[in-house]
Amino acid sequence: MSETKTKVRFHDAEEVEEFVDAASKCDFDINIFYNRIIIDAKSILGILSMDLNQALTVQCFGQNPEFNRTLQRFAVM
């Protein structure tokens, strides 16, 4: 099982909704975290409760080409 980490940033609730929709189609775990707070990336309320002004880290425990495209849209360098 491959594990990848990607930094992302969301600007509004619509972007979070798009991300959660894509994550929900994956059959593997995806976490999103900032500092010591870890949230299931398939939880829109969980992500919206985080500080969206900060870059968040997405940790994936699998691969899905469609989700990877969505992830790259929100990735920060």
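## Salt bridges

A salt bridge here is a side-chain nitrogen of Lys or Arg within 4 Å of a carboxyl oxygen of Asp or Glu. By that rule, this structure has two salt bridges. Before going further, keep in mind that this is a predicted model, with local features needing pLDDT of at least 70, side-chain atom pairs counting only at pLDDT 80 or more, and totals for chains, interfaces and linings using all residues. Residues are numbered from 1 along each chain as its sequence is written, and side-chain values use heavy atoms, with hydrogens and water left out.

One of the two bridges pairs glutamate 18 with arginine 73, where the closest N and O atoms are 2.2 Å apart. Glutamate 18 sits in helix α1 and arginine 73 in helix α3, so this pair ties together parts that are 55 residues apart in sequence. (Helices, H or I with at least four residues, and strands, E with at least two, are DSSP runs numbered from the N terminus.) How open are the two partners? Glutamate 18 is partly exposed at a relative accessible area of 33%, while arginine 73 is exposed at 53%. For those words, buried means under 20% relative accessible area, exposed means over 50%, and partly exposed is in between, using a 1.4 Å probe and protein chains only.

The other bridge joins lysine 25 and glutamate 66, and there the closest N and O atoms are 3.8 Å apart. Lysine 25 lies in the loop between α1 and β2, and glutamate 66 lies in helix α3, so the pair ties together parts 41 residues apart in sequence. Lysine 25 counts as exposed at 59% relative accessibility, and glutamate 66 counts as partly exposed at 43%.

## Aromatic rings

Next, the rings. A pair of aromatic rings is described by the distance of the centres and the angle of the planes. The rule used here pairs rings of Phe, Tyr and Trp (its six-membered ring) if their centres lie within 6.5 Å; planes under 30 degrees apart count as stacked, over 60 as edge-to-face, and the rest as tilted. Searching the whole structure turns up three aromatic pairs. In one of them, phenylalanine 10 and phenylalanine 74 are tilted, at 5.3 Å centre to centre with 55° between the planes. That pair links distant parts of the chain: phenylalanine 10 is in the loop between β1 (4-8) and α1 (13-24), phenylalanine 74 is in helix α3 (residues 65-74), and they are 64 residues apart.

Both phenylalanine 10 and phenylalanine 74 are buried. Zooming out, ring pairs link Phe10, Phe19, Phe67 and Phe74 into a cluster.

## Strands and the hairpin

Now for strand β2 (residues 30-34), which runs antiparallel to strand β3 (residues 37-40) and is joined to it by four bridges. Two strands count as paired if DSSP finds at least two bridges between them. Strand β2 is also joined to β4 by four bridges, and these two strands run antiparallel as well. Which residues partner isoleucine 32? In β3 its bridge partner is isoleucine 39, and in β4 its bridge partner is valine 58. Phenylalanine 33 stands opposite isoleucine 38 in β3.

The β2 and β3 hairpin has two residues between the strands, and asparagine 35 takes a positive phi near 55° there. Most residues other than glycine have a negative phi. Asparagine 35, in the loop between β2 and β3, is exposed, with a relative accessible area of 63%.

## Around threonine 6

Threonine 6 belongs to strand β1. Is threonine 6 buried or exposed? At 16% relative accessibility, threonine 6 counts as buried. Leaving aside residues up to four places away in sequence, threonine 6 touches Leu56, Thr57, Val58, Leu71 and Ala75, where a contact means heavy atoms within 4.5 Å.

Leucine 48 is in helix α2 (residues 44-48) and is partly exposed at 36%.

Serine 49 lies in the loop between α2 and β4 (56-60) and counts as exposed at 57% relative accessibility. Serine 49 and isoleucine 39 are ten residues apart in sequence and 9.5 Å apart in space, C-alpha to C-alpha.
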